[in-house]
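Subject: Structure handover

Hello,

Here is the structure for you to look at. My notes on what was found in it come after it.

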Amino acid sequence: MGLFNELWKGLKVTGGTMLRTIAGSELVTTEYPKETRQKPQRFHGRHVLNRYPDGMEKCIGCELCAGACPADCIHVRGANNDPENPTSPGERYGYIYEINMLRCIFCGLCVEACPTEAITMTHLFEMSTTNRQDAIYTREELLMDRSGNVPHMFPDEKLGDLDELESADGWMRATAPSGMAAYEGVKMWRDTAGSRSWDPEPPQEEADRASRPGEENNG
Amino acid sequence: MTWAEFGVVVLRVVLTFGLLMVLTILNVWLERKLLADMQSRIGPNRAGPFGILQTVADGLKLFFKESITPRKVELGMYVLAPFLAVIPAFLIFMMVPWGAPFMIGDQEVILQGADLNIGLLFILAMSSMAVYAVVLAGWSSGSKYPLIGGVRATAQAISYEAAMGLSMVAVVMFTATQGDGGTLSLSEIVNRQAGTWGDVIPVLQPVLQFVPRWNIFPQIVAFVIFFVAIVAETNRAPFDLVEAEQEIVGGFHTEYSGMRFAMFFLAEYVNIFSMSAIAATLFLGGWNGPTFDDVLPGFISALLPTVYFLLKTYAIVFLFFWIRATLPRLRYDQLMTLGWKRLIPGALGWLVLSTFVIAFRQFGLPWS
């Protein structure tokens with residue numbers, strides 16, 4: 001009876017899944033606010049404006065990020081540095097920097113466009129607000145302080161895991177040219193304020209081999 | 001009729017109704033939970049322990065929602081259809097004996113809504129009535145998707161009711177040989193499945209004396225056909241063309257909302273349970289099972305038949321859920337092919353075959 005064989009094959013799949021789910025080995029869902037999953041290293045989360053280790057801002061107000069933004073959600077205006085007390089090591093700095101998080105599609109093109117690695121992305125995505133005004137992140141909210149701490153809009157809320165702001169920035173490393181054979185294992189970015197320092201990703205073949213067994217964790 | 005008799009009747013009807021309501025509410029939760037397990041999800045787990053009160057919460061929500069009446073409906077039929085769905089669904093279960101009879105004083109209490117001598121016929125009639133609800137709901141909604149759903153329901157019900165009836169006939173004929181004359185009463189069919197097959201074939205007696213005297217063993221083909229037919233009768237996946245969400249929105253209940261929709265929903269789950277109960281009664285021996293009268297205290301052995309009945313019924317209910325999680329919906333022509341070219345000829349063939357066997361066992365070869 002071919003029909004019954006086929007039927008039994010299908011029933012075995014669902015029945016087996018049921019038993020494994022009840023036993024807990026195949027449960028996919030996590031009860032989100034109670035437990036959170038490890039995010040992929042290159043996760044596109046909330047933006048942050050970086051500083052150099054000496055406390056200078058990386059942003060030079062060039063507006064390339066605003067130009068690259070496909071959603072037109074970035075508004076930047078540059079101003080000349082005060083020669084006595086410069087804000088950034090260049091000629092100019094971004095004195096207005098706003099990102100409308102309601103428009104942002106988290107594509108990361110701003111990160112790619114930035115010539116000084118001033119804007120990068122973190123792992124934080126819990127950014128819901130109760131009004132539109134709060135969704136527009138200004139310079140004060142985006143810029144890290146001199147010791148590398150990133151401000152959080154609602155630091156007291158349960159969902160605001162501040163560690164996620166620390167875990168930038170696999171994405172920036174990915175856009176650095178270490179994918180090219182000549183730059184494999186070479187650090188292609190400048191340090192940022194705070195204790196964070198990122199190592200270059202291992203060469204591609206090694207990285208591929210290492211990531212394969214853990215693929216389902218990032219899926 | 002004395003007051004005592006009247007009280008017993010009221011008691012057993014209320015008991016049956018209460019059992020059905022409670023179990024239906026649990027079944028909705030159970031299905032969602034099992035379906036979630038089969039899809040590696042968690043399922044409802046917010047309302048009450050393990051989410052067991054989810055259906056109560058959903059029911060309360062639906063109760064307080066507006067029952068929208070679209071402008072183009074045929075109002076009378078539109079309002080009547082949900083009741084036509086619920087009432088036959090409950091009446092079907094009233095026929096099913098769900099526990100062993102016991103005595104209160106000198107009154108015998110049968111755990112069954114009503115013990116009609118035409119029980120099976122009544123069940124067939126009521127399950128045909130349930131189709132009217134779907135058809136009328138589809139037609140009176142004044143909208144194309146419900147109409148398509150209603151038309152599909154007509155065709156599907158006619159096709160599969162034939163197969164269901166024919167497989168029942170085989171069981172009824174077989175039951176007639178098991179006792180004193182033919183019967184359509186469900187309690188009598190259950191009584192005739194008591195005991196084991198030990199005395200049938202003397203050679204195999206040592207083995208067969210442990211096999212319960214259920215109709216499923218001699219009537220396995222009828223059981224398979226009956227099961228497929230009841231899945232189709234209750235409009236469950238993979239035969240849920242009537243309410244195929246992906247093609248025709250919600251089918252016949254597209255235009256229904258609030259309590260009216262809840263009644264269709266309730267009727268569907270009541271039907272699943274009562275059809276499974278009928279399958280358990282006809283083929284799996286109903287509430288029959290070892291009661292260990294001499295070992296266990298009296299009230300436990302009085303309750304055990306109900307436990308056996310529920311176990312058997314839930315085995316079939318679980319099959320419903322399992323198949324829903326496994327099989328994709330049939331195409332319309334496949335549905336008709338399965339019904340008319342496989343199930344009905346199969347049921348007829350089986351009926352003829354079992355008739356021959358029964359006649360042979362009773363009368364011997366015609367030329368001898």
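Helix α5 (residues 144-178) of chain B packs against α12(B) at an angle of about 10°, and their axes are 9 Å apart. Helices here are DSSP runs (H or I, at least four residues) and strands likewise (E, at least two), numbered from the N terminus. Axes are lines fitted to C-alpha atoms, for helices over the stretch in contact, and angles run from 0 to 180 degrees between N-to-C directions. α5(B) and α12(B) are therefore roughly parallel (angles under 35 degrees; over 145 is roughly antiparallel, 65 to 115 roughly perpendicular and the rest oblique). Their crossing is left-handed (the near helix is turned anticlockwise from the far one by less than a right angle; clockwise is right-handed). By class, this contact has 18 nonpolar, eight polar and no charged residues. Ala, Val, Leu, Ile, Met, Phe, Trp, Tyr, Cys and Pro count as nonpolar, Asp, Glu, Lys and Arg as charged, and the others, Gly among them, as polar.

This is a predicted model: local features need pLDDT of at least 70, side-chain atom pairs count only at pLDDT 80 or more, and totals for chains, interfaces and linings use all residues. Residues are numbered from 1 along each chain as its sequence is written, while chains are lettered from A and ligands numbered from 1 in the order in which they are written.

Helix α12 (residues 332-363) of chain B also holds Arg361(B). Arg361(B) is exposed, with 10 other C-beta atoms within 10 Å (exposed means 12 or fewer, buried 20 or more, partly exposed in between, with C-beta atoms placed from the backbone). The C-alpha atoms of Arg361(B) and Thr177(B) are separated by 9.4 Å, although the two residues are 184 apart along the chain.

In the loop between α8 and α9 (245-248) of chain B is Asn235(B). Its phi is near 55°, a positive value in a residue other than glycine. Is Asn235(B) buried or exposed? Asn235(B) is buried, with 25 other C-beta atoms within 10 Å.

Regards
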